[in-house]
Amino acid sequence: MRLALLQNDSVPGDKDWQLTAISEVARHLAGRADLLVTPELFMTGYRLPAETLRALAEPADGAFAQAVAALAQETGVAILYGFPEQDGDLIYNSVQVFGADGKSLALYRKLHLPSDEEQAVFAVGDRLVTFDLCGMKVAPIICYDVEFPETVRACALAGADLVVAPTALRKHWAQIAEMMIPVRALENGLFVAYANQAGSEADWDYAGLSCIVGPDGQVLVRAADEPAVILAELDPASVATARATLGYLRDARFKLMGPQ
């Protein structure tokens, strides 16, 4: 799989600007990438008041989704993007992926909400999802989800070869991108892709540091803190090699863990 991550400098609240940004990148990647991943809440930007996020939220088949689906079909690049999803009276922090044929491959809703601000807007998701692309099983999660080892381990046990984590990580938490993400890959023997914002939104400065990490914990490519597109080619066979080398999934005695 040829994987690309967009580390962009958002214009919060401007869906048209965001759509133009992803359109330019996807067209540039046509024939060069199989999957393009954006940061968390890409459609709107992350740092917005609760009432603004609610007003901008769209259903999973809304106008922005239809535009991304058409873009995926036009370019032949599958696109996974973050957005505030409206479902009836509820709003979720979600990601959706459209395949190169323009059809939805998966919709995932964030499981762990890290702050009062997110909890004031979003309902929590209740399940992991996977989709198949280029001979790999991919599990999307979002930001804070990846900071729980149990989340990525559950993805691995569900058969994932690649965990994709759009995020909105601030500069003072840079150690998560630098230290934790490689560990998540190593301890589960899978690829982890971490797609962050660049620049600033309101009172937040983003860390950048988007990265794609191999199943041996080695960073294949990492961005700095400026807007960037990073790419790596992922070999599914390296997942089996990593898991044969470190048998954490095989040897863990899950039934003995925790209080008895």
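The lining of the largest pocket divides into 15 nonpolar, 2 polar and 7 charged residues; Ala, Val, Leu, Ile, Met, Phe, Trp, Tyr, Cys and Pro count as nonpolar, Asp, Glu, Lys and Arg as charged, and the others, Gly among them, as polar. The model is predicted: local features need pLDDT of at least 70, side-chain atom pairs count only at pLDDT 80 or more, and totals for chains, interfaces and linings use all residues. Residues are numbered from 1 along each chain as its sequence is written, and side-chain values use heavy atoms, with hydrogens and water left out.

The largest pocket has a volume of about 460 Å³, the space filled by probe spheres set on grid points joined across faces, edges and corners. On a 1 Å grid over the protein atoms alone, a pocket is an open set of points where a 1.4 Å probe fits, with protein on both sides within 12 Å along at least five of seven lines; lining residues have an atom within 4 Å of a point. Of its 24 lining residues, Tyr46, Pro114, Ser115, Glu118 and Trp204 are the closest to the centre. Helix H4 (116–121) gives the most to this lining, with 3 residues; helices (H or I, at least four residues) and strands (E, at least two) are DSSP runs, numbered from the N terminus.

Glu118 also belongs to a network of salt bridges with Glu40 and Lys110, a salt bridge being a side-chain nitrogen of Lys or Arg within 4 Å of a carboxyl oxygen of Asp or Glu.
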